[in-house]
Each structure stands twice: as structure tokens, then as C-alpha cells.
Amino acid sequence: MNEREILRTELRWVLIVAGAVGIIVAVIVISSAAMVLHPPSNVETIDPTALHVEGEFVESNLGAVENPDGTITARILATQFMFVPRCVVVPAGRRVTFRITSPDVIHGMLIDGTNVNTMVMPGYVSQVNTTFPEPGDRFVPCHEYCGLGHGGMWSMIRVVPENEWKPDADGRMTCEFPY
Amino acid sequence: MTIEFGHERDSENGMETYPEPSAAARPQDVADDVREEDLLRVLQDVPRGAFALCAIAVALLIILWLAIYFGVFLPRGPVS
């Protein structure tokens, strides 16, 4: 095998690898365009030192609330070493907007069995929209090491059937203990 | 330590060796005393096997990627 043949073999392999990469990119581009998929991109700042005294992340405003248009907004505070509230109830089949922030260090939040996965940084509001097609409990661990208690930092999203979604007069519903 | 060069010997791969003096001071610096024709004969079939191995590996990679994308990622629902 002379050098020219070696070069030809390498070029053939380059074409195969380019084809493989092309297939993956094409699948991503076509499915993203067809299904309107894109990563969450919300840049919104907030004063992390005043979360508990003013604004949408005061304790009484945390958890899930039904909006006038029927969608749900769930506000969650990620703090060392717990999510507040510890359990959030949302109805299945409706668009849910999670708004999360942190008063202390960087945390992470992912919802088991879904593509919801975001970092939570002090000073910023992370926002993720999704829909839960099926009822059930979803485990929500912190996935960004945040200190010695990181391993015990988790919460739960309780997805209830539409007929069990019974919010109070303020449009809120909380998990029944124990959860 | 005395290093001797130029001894005719049979190498491990059975190829003929040729006594050639070398300027290298250590045995590991001495160039392989293999004839070009022998080298080409041995290398002739190598790329075909390597090509097949690489092709199988890449094919598996693509298949698994597609399986995870369509079997796990998309069914989990879109986020935005």
C-alpha cells in the first residue's frame, strides 16, 4: 500500500465520519424545527439578598399557582439544602412554567423522567416550561454540588390528574402530607 | 555494558533481518532492519480490518445515539 492509497483510505474514512455527524445534526435540526424544540433561554436578574422580603419569591408566593389562562406557574426557591416548597402539585396535561432562583450558592434542578434540567444561580431566575403528560410523583434532586448537605437536597413534583387538580381561591394547591 | 550490532538473527515475527551497522548507541534507537517489500506485504491487509472495525464501532454509535434520541429524549417531552 503506497502513500496515495493510504491517503485515499483516510479520505474515505473522513467522508464516513462526516456522514455520521451529518446524520446526527440533520436529525437534531429537523426534529427541533418540526417540534419547536429549543433549550430554555431566560436571562433575568433578581436581587438574591431580598428574595425573602419582596418580589415573587417571598414564602407565601412559592409553589404552584394557576394563571388566568389555565397554565401553571411554579415558583421554587433552591437553598442550602432544600427546595422550598418541598413538594409542588401540578395538573397533568397543562403547560407548567417553573421559575427557580437561589439566595445562596449555585444549585441544579432536574425533574426525573423529563427533560427539565437547569442550573439555579443566585442573582438569576431560571425558567423552564414543560408539560407532564402522565400523573405521578417525580423526583427532583439538586444536581449541582452545593455543600455538605447536597446529597439530602431534593424535592418532589406531584403530577395529579386534571380532575384531582382542585386549587383554592388563590389558584393554589399544596401536597397532602406525607409526601 | 557491551552492545553488539550487526548480528544476523531471526526476529519474533519471522522476518529476515539484515546485519547493518548503526550509529545509535542504544538498541531501542536502532532503526528496524526490515525490508520495505516485507513491510508493505504485511501492511497490505491491515487497513481493511481496521476499516471494518471502525465502521462497526461508528455504526453502533449512531444506532445507539438514534435509539436514545428517539426512545428516551423525545418521549420525555419538549422543554423551552
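User: How do you know that β9(A) and β10(A) pair, and in which sense do they run, parallel or antiparallel?

Analyst: Strands are DSSP runs of E, at least two residues long, and helices are runs of H or I of at least four, numbered from the N terminus. Two strands pair if DSSP finds at least two bridges between them. Six bridges join β9 (residues 136-141) of chain A to β10(A). The cut-off is at least two, so the two strands count as paired, and they run antiparallel. F139(A) stands opposite M156(A) of β10(A). D137(A) has R158(A) as its bridge partner in β10(A).

This is a predicted model: local features need pLDDT of at least 70, side-chain atom pairs count only at pLDDT 80 or more, and totals for chains, interfaces and linings use all residues. Residues are numbered from 1 along each chain as its sequence is written, while chains are lettered from A and ligands numbered from 1 in the order in which they are written.

User: What makes β4(A) a partner of β10(A)?

Analyst: Five bridges do, in the parallel sense, between β4 (residues 87-91) and β10 (residues 154-160) of chain A. V88(A) is bridged to I157(A) in β10(A). P91(A) stands opposite V160(A) of β10(A).

User: Why is β4(A) called largely enclosed?

Analyst: A residue is buried if 20 or more other C-beta atoms lie within 10 Å of its own, exposed if 12 or fewer, and partly exposed in between, with C-beta atoms placed from the backbone. Four of the five residues of β4(A) are buried, so the rest of the structure largely encloses this strand.

User: What makes a group of residues a nonpolar core, and which residues touch the most other members of the largest one?

Analyst: Such a core is a set of buried Ala, Val, Leu, Ile, Met, Phe, Trp, Tyr and Cys residues joined through C-beta atoms within 7 Å. The largest has 27 residues, and I76(A), A78(A) and V90(A) touch the most other members. β2 (72-79), β4, β5 (95-101) and β10 of chain A each give two or more residues to this core. β2(A) gives the most, with four residues. Among the residues that V90(A) touches are I72(A), V96(A), F132(A) and I157(A).

User: Why does I16(A) count as partly exposed?

Analyst: I16(A) has 15 C-beta neighbours inside 10 Å, so it falls in the partly exposed class. I16(A) lies in helix α1 of chain A. Touching here means C-beta atoms, placed from the backbone, that lie within 7 Å.

User: How many residues does each chain give to the contact?

Analyst: Chain A gives 24 residues and chain B gives 19. On the chain A side, α1 (3-35) and β8 (126-131) each give two or more. α1(A) gives the most, with ten residues.

User: What about chain B: how many helices and strands has it, and what share is buried?

Analyst: Chain B has two helices and zero strands. Of its 80 residues, 0% are buried.

User: Why is V36(A) called exposed, and what is its phi?

Analyst: V36(A) has 9 other C-beta atoms within 10 Å, so it is exposed. Its phi is near 50°, a positive value in a residue other than glycine. Most residues other than glycine have a negative phi, and most peptide bonds are trans. V36(A) sits in the loop between α1 and β1 (63-66) of chain A.

User: Where are the cis peptide bonds that join Q80(A) to F81(A) and V84(A) to P85(A)?

Analyst: The bond from Q80(A) to F81(A) has omega about 0°. F81(A) is in the loop between β2 and β3 (82-84) of chain A. The bond from V84(A) to P85(A) has omega near -5°. P85(A) is in the loop between β3 and β4 of chain A.

Key:
Contact = placed C-beta atoms within 7 Å. Lists of a residue's contacts leave out its neighbours within four places in sequence.
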